[in-house]
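I opened the notebook on the contact between two chains.

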Amino acid sequence: MNITEYYGQTITYREALRLALDEAMEQDERIIILGEEVGRYGGAYAVSQGLYEKYGAGRVLDTPISEAAIIGTAIGAAMTGLRPVAELMYVDFAGIAMDQIANQAAKIRYMFGGQIGVPMVLRTQGGPGRSAGAQHSQSLEAWFMHTAGLFVAMPATVSDAYQLLKEALQFDDPVIFIEHKGLYTSKGIFEPGTALPFGKAAIAREGSELTIITYSGALRHCLAAAEELDKLAIDVEVIDLRTLNPLDVDTFVESVSKTGHALIVTEDSLTAGVSAEISARAQEGAFDFLEEPIMRLSGEDIPIPVAPELELAATPKKADIIKAVRKILRR
Amino acid sequence: MTNKQRLYLLEQMLRIRSFEERVGELFLKGESAGTMLHLSIGEEAAAVGVGAMMQDGDSFTTHHRGHGVFLARGADPKRMMAEIAGKEIGYCRGKGGSMHIADMSLGHLGANAIVGGGISHIVGAALSYKTLKKDNVSVAFFGDGAMQQGILYESFNLAALWNLPAMFVCINNQYGMGTRVDQSSSTLDFAARAKSFGLQADTADGQDIEDVVNKAKKLLKQARAGRASFLTINCYRFYGHARKDKSPYRSEQEETAGRQQDPISFWEENLVKAKIISNKKLETLKKEIDLEMDAALSFAENAKKPELATMFEDVYSPKQAKPLSNKARLDL
């Protein structure tokens, strides 16, 4: 394949991910994919569609429903010469595999004194939006962000999805790559730059009066809110973190120092969530420039309900964000 | 088996026993880095019997009671002892200790402190060998406690389903911490469980190293040909779960009887009776081994402690990231 043929085209988030996998598998024979329904079915969210046909059963492995062993097998393979991409169909299933993720993959390099890393990408998806219920809709990124030894990527755009996955596939350590189920069909112009290292937040929208810090599925709601606020002559900057580990503290501290106001918007639940960490870091770095307390708008502290109207209200949306911004700015 | 091979097995078992006795000493002196130390005394035939039948390039993982297996696969007792003492020169720079010791050059993919935690890693290693067309086997060593962990059965299933060069070895020392195996397992026929998954499986007598060797050899050969296998080896844990555990959950009579199942004295008697080794030569051999292990002990005791700065190393590949310390962040 020639990736440049896709430059400038409008493609979906799902296609961008597939392009990254396909291109990387062509370039590096050590990359294999394993997980539930990744082969013949093409992936529960169709990300790996066509790869089984192209690369065969030796490189795209359908597994039994054994999440712990899928991750454990990926770890062992990663330690002995392969570069596995393990797919966890829903991030919610991490509970079953958490020992392998947090006690094994994350700690092997450290416990063994740096002898070896675990070059494994754990692809999964999370977030609400499909009435999938409390066990298929969570935003569990804080679990991974809280565990030393795991890199965490959460792309929000088509180009970032491609580039961050390509980057993750070069890492010598485990990367938890969390896609958003509400973004797979979202479209964007495919215009990847030459490289996108982890830990570089994007300024998704420049502004001067308030900084919104967000990532993944919440970005689109923040950008929509910023558009509306613009009509009210409120000029908001929106930062997309792209990766949670490394966390690009410098970029948001600089932005908050410039605007003097900060709102953090996440879909994970509020208490002990990602927004708490970002808020603390922003306060540490930009205290002298803050004109108002930092505000957080996150998922409610409830399991995600199935009823569409309840689910919709469980995580921040455009109207909530607009209200929060106006409250901070008193306008 | 040649007489030379028989003597090799004896020597390896004696080395493990001598090492374990000294590592226990290190612990009681308060110089071991961990507060937990699990000795494999009484289980030497399991470690050596399987370990000696593995080949260069084969890999393995162990449980928390894995000193013996690692020694049987060629570990340097000096660096092992230093690791257990938490020293920089140890196998893992003092960061792993007894329960997380590993050495990639010897194929040791890691001891594990989570019961059953390392078992699925050998499925991955075996998948690598199959994919990369290498003639190696990966072996998981674990105890009877792990026979009740779910991931073991997920691993059995995958290894059999994918025809992997994988072997599972249960060192059944009768106890998961303080709970006897008949109080934790619905069946004591572990091989039957493995067979039901389609694995080649057998049971060996852990007092008789020849029995372990014969069965391990056969099952390793089958694993190497892509027929994943399982061996359970019955033995007795001579001492408590950890070094300071006085085993209040079992009787003295039981312990005395259990310690009669000593694989080392059994093999010594066999070899002396068959005139493969004289009593005098046996004593000399034991002294030599004890000297080697004494040297390992003093090496560990005298080795340099790690620099504080090393605690932020090895979290991530150095080319990717290094954690920022609290002191650096707050400029303290």
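I counted 18 residue pairs in polar contact between chain B and chain A, both residues at pLDDT 80 or more. A polar contact is a pair of N or O atoms within 3.5 Å; within protein, one must be able to donate a hydrogen and the other to accept it, and residues adjacent in sequence count only if both atoms are side-chain atoms.

This is a predicted model: local features need pLDDT of at least 70, side-chain atom pairs count only at pLDDT 80 or more, and totals for chains, interfaces and linings use all residues. Residues are numbered from 1 along each chain as its sequence is written, chains are lettered from A and ligands numbered from 1 in the order written, and side-chain values use heavy atoms, with hydrogens and water left out.

Next I looked up salt bridges (a side-chain nitrogen of Lys or Arg within 4 Å of a carboxyl oxygen of Asp or Glu). The rule finds 2 across the interface of chain B and chain A. E284(A) and R329(B) meet in a salt bridge through their side chains, at 2.4 Å, N to O.

Then I checked the buried area (accessible area, 1.4 Å probe, that two parts lose on being put together, summed over both). Chain B and chain A bury about 3400 Å² between them, with 62% of it on carbon and sulfur atoms. In chain B, H121(B), Y316(B) and Q320(B) lose the most area to chain A, together 18% of what that side buries.

Last, I took contact as heavy atoms within 4.5 Å. Chain B gives 43 residues and chain A gives 44.
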